[in-house]
Every structure is written in structure tokens, then in C-alpha cells.
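Please examine the structure shown here alongside the report that follows. The text takes up the interface, then the surface and the salt bridges.

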Amino acid sequence: MSLKVDIHKKLKGFALDVCFDSGGAPLGILGASGSGKSMTLKCIAGIESPDSGHISVNGRVLYDSARKINVKPQKRNIGYLFQNYALFPNMTVAQNIACALPGSRAGKAPKVDELVRRFALDGLAGRYPAQLSGGQQQRVALARILAYEPEVLLLDEPFSALDAFLKEALQVEMRQLLAQYGGDTVLVTHNRDEVYRLSEDLLVLDGGRALSMAPTEETFEKPRQVQVARLTGCKNFSRAVKLDDTHVEATDWRLRLQVAAPIPENLTHIGIRAHYFVPADDDMAMPNRFPIAVHSLLEDPFEWNVMFHLPGVQHSPQTGIWWKYAKQQHNGALPKMLSVTPQNVLLLEGDG
Amino acid sequence: MDFSAILISLRTASLSIVITFFLGILAARWVVSIRTTVLKTIIDGIFTLPLVLPPTVAGFFLLYIFGVRRPIGQFFLDVLGTKIVFSWGATVIAAVVVSFPLMYRSARGAFEQVDQNLIHAARTIGMSEWRIFWRIVLPLALPGVASGGILAFARGLGEFGATAMIAGNIAGKTRTLPLAVYSAVAAGDMEAAYEYVGILVGISFLVVVGMNWFTARERRYKAGGRAK
């Protein structure tokens, strides 16, 4: 199983320039809106054409600008799950699924029945898409795509049209589906939870450029660039300079921090995730222990968001630091000291 | 009252709407698929021109094209042995040309309203362009296409200027209802004029009612509709 993509396309405001090679494990593409992630999928499916480059699936060339190959979407055998599912509103569930099957009407019926059962759509075969819930619509769309037996499955923001309470249940279903499905899958999203839950490898896109390509877990644990850290959910960044092998100075925060070696030569910033601070009023032995001046508080249903800065530092968006903690974990007065373990200080490069 | 005018009018309007309906849909489908903006604008302008030109000017152009001393008119006369100008066929040609833009524009608007993602999705599950058009685009665009057809039918039925130019006003041959109204009034026969006008108003009213029925009809697959 392999999907090779190396494409270039000029778009409004930026140039898309993506190159990756998926080795069969579910691949996630994470990027903000307008980073070119949906356009990448559309180029793979043949809905849009790149300006130049190469796309191949399991050795079969789908697009090659040098050899003037551009296979029609009908012949690519690539399934595309649209954000709004793109079910044909004038057809019933059964008719929608039958559209993706070859052969005569009578020949399709048993296969349609099988897919209806497999996707838990029993009793809904005669309904029109507008009469289904968002989750049911997604299952019909997936049934229609898998009826076509594609070699690659492209998922374009598959959960963004769903209510929050439905999302998680459907993500569990999607995980099972991806595990059973034999082909390559590519999931595009701006949501870090989705990409963490559903992909094994992760490509991070920013402004049409690939910032990093690595196993998903590694990308979240040790992002190397500021933009990657931000897309994976890190909220606190400071410019930083290396002091010695295990220490840096966070210049925006005026804070000296012990970090885990090795410190990269081109270090420009450090980042600390809002969850990684721990109260340290009593434990004098903790490394990176510092006093805080609380600036503002935001209450969530189950969490507190605390914005603080170092005492004596003028408060500004650069010097403000977020700390998030579960109410259950710590529910008394706010501590006067916080600390962060050296391993949890992200060592980053990039202009932020 | 001369019943031939009613018969001629209905025959002309019926044949011309069949031609206009399919020509308009094909033209709309073609223009929607044109990718270069300049070409699209020019073709759209040409297709819409008969709508904004005075019908006598449209008729003038038709005379210019189909006149017996013109290549096309001569071809029809020499090869097929028929004279287009001042024949019943000319009333059909005039009605088609003048009603075509209404059909074309309605169909084009309706096609462009169809969610592009549906078409993309259909392509990725292997449906041919022709099947996508007949199974998805046309059914979804049907209310707009149908109301365009009804408008075009009404326009063809009421056609006067271009018909007078290319088909003339020959009683029993090319005299349609609008021309019959004109002739009756010109001859001072107000009795006959009232009857012709009454019939035209009646048919036109039915057309408007029919159009409202088509556009307002709740499609069965819209939200709230019941499953079969």
C-alpha cells in the first residue's frame, strides 16, 4: 500500500507545495483553514489539477505533469468523503449507494442490502438524505464510497458538520472502519483531537508548505517548529536563547529554565503547553520553580484557565502565560509558585 | 372567428417549445462547462441577444439568414426543395429563436445552483458525465428548468414581431393568434379581436398558474417530506 504525492499549484495568496509518501498507516494532515489541505485532497482525487508534479497509488500513476498524465476522477478509484457528505438529495439511501456499484439494477440489490446492514442503516434504505441525522448521513456517504471499493480513502473534515455529542461516537466507528479498511487513508482536519485519535502519521501544513512529517505521537510530543507546536495545541511561546547545555533564557517571560538536552543549534523559541504547569508552593526541590502574578481567570465547566505572568514583568500578549488545570485536581486557592519539568519545555525554531 | 389561427398558434407553440426545451438545456449545459471567462461571456451574450433585441430586428436577421437569395435559404430551396420564408416552418423558427434565451437562462441558472460537491462526489464514485447530468444535475435543477420551459412556451405563443417579418401574415398558413388579433383590429372586426384576446389571456393565465405550481411544489425529498 502506498500513496505518493508531490504536487505544486499556485493558489490565491499562496503556492501549494506538498510532497509526502504514505506507507499504508492512516495519515493525518493538520493545518489551519486556508493552508491548502483540502486542495491537496482534491488534487489526489482528480477534482482539481495541480500545476505540476506527480501522484501515484500502489505504483499506478494518476498524475504526472512531465509525462502529461492526468487520469479522470472516474478512473482513479479514490474515495472522497466530503465535509457535507455530498449525498444526492433526490435519491434514497439505497439509490445513493447503488450509484457507486457497477452492473444492472437487479444485480446491485444484494450488494446494496449488504452495505445497508454493514453500516447499520437497516430500515433507512428508502429514506431521503434530508430525513437522516448527521451521523446517519455520514454512514451513508461511507457506504457509498466503500461500495466503489476505492484503493485510497480521503476524509475531508469528516466531523466538522456534526454536533459535539455525536462526534466522539462516530470517531470510534471511524477508527474501527479504518482498521478494517485495507487501503491507504488520508484524513484532513484542523482539529488536533481528531487527528491524534485517527492517524498514525501526521503531515503539518502551513501556508501551502509541509512543516513536518512524522508519526503523530512524536509530532505532538516533540514538535520542532513554533507553527507545529501551535497547531498541536500549545498556547505559550517565548523567544529564547541558549545559556548552556541544559539551560535557556525565555526572554519574553524573563525566565531561566532548565531543559532536556540536547538544545538545537537554531533554537529561537520555547513553548510550554498550558496543561504542563504544576503547583509548587511547598516542594522546594522542583526544577523550574517560579512565582506567578495572576492576571485573569476563565472558567470552563471542568477546567480553570489562568492567565499569569512573572512578577515584575509588564503584562502584554507576549508575556502572558496560560495555565489550565482540572477543577477536580486542584480546587483551592491559587498557588503562588508553579513549576514545569525540563522535558515539558518544547525547544522550537521558527519565526512564530 | 377564424379557428385556423388557434390551431396554427398551438401547433407552432407546441413544436417550438419541444425544440427550445432541448436546445436551451444543451446550450446551458455547454455554457456552464466552459472554463474561460471571456468565451463564456461572449457565448452567453449571443444566446441572450434575442431576448433584448426588438423582435422585428431578430426577424430581420432571420430574413437575412433564410432569405432565398442567401446561402442557407438557397440550400433549403435547391437541396431540400422547401422555401423557409413565409412558410409555416418560419413561424416555428421565429418562436424558437425568440423564446430560446428564456429557456437557456433559466436552465443555466438552475444548473449553476446545483452543489458542485455533488458532481465531484459522483465523479469519484465512477459515474460518467452523461449519467451525472441525467441522474443528478437535471433532477435537482428541474423546478428551474420547468419554469423556464413554461416561460419559453408563453413567449413562443405570444410571438409577433419576428413572425411577421419572416413568416408574414398569411391567413390559414402563418397567421398565429397575435397576428390574428392585429389583423382583426386593423380590419375593424372588434368581435373577432375580443375572442382571440380572450383565448390568449386564458392560455397565458394557465401558464402562470402552472409555473407557480412547479416552482412552489414541495419536492418530496426536501426536509419534512415523507418516505415512500
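How many residues of chain A are in contact with chain B? In this predicted model, 24 residues of chain A touch 27 residues of chain B, where contact means heavy atoms within 4.5 Å. The model is predicted, so local features need pLDDT of at least 70 and side-chain atom pairs count only at pLDDT 80 or more, while totals for chains, interfaces and linings use all residues. Residues are numbered from 1 along each chain as its sequence is written, chains are lettered from A and ligands numbered from 1 in the order in which they are written, and side-chain values use heavy atoms, with hydrogens and water left out.

**The interface**

The size of an interface is often given as the accessible area lost when the parts come together. Buried area is this loss, taken with a 1.4 Å probe and summed over both parts.

| Item between chain A and chain B | Value |
|---|---|
| Buried area | about 2200 Å² |
| Share of buried area on carbon and sulfur atoms | 62% |
| Salt bridges | zero |
| Residue pairs in polar contact (both at pLDDT 80 or more) | four |

A salt bridge is a side-chain nitrogen of Lys or Arg within 4 Å of a carboxyl oxygen of Asp or Glu. A polar contact is a pair of N or O atoms within 3.5 Å; within protein, one must be able to donate a hydrogen and the other to accept it, and residues adjacent in sequence count only if both atoms are side-chain atoms.

**Chain B**

Chain B has ten helices and zero strands; helices (H or I, at least four residues) and strands (E, at least two) are DSSP runs, numbered from the N terminus. The C-alpha trace of chain B spans about 65 × 45 × 30 Å along its principal axes.

**Salt bridges**

Over all chains, the whole structure holds 15 salt bridges. One of them joins the side chains of A:R197 and A:E168 (3.6 Å, N to O). A:R197 belongs to helix α6 (residues 192-198) of chain A and A:E168 to helix α5 (residues 164-180) of chain A, so this pair ties together parts that are 29 residues apart in sequence.

Terms used. Buried area is the accessible area (1.4 Å probe) that two parts lose on being put together, summed over both.
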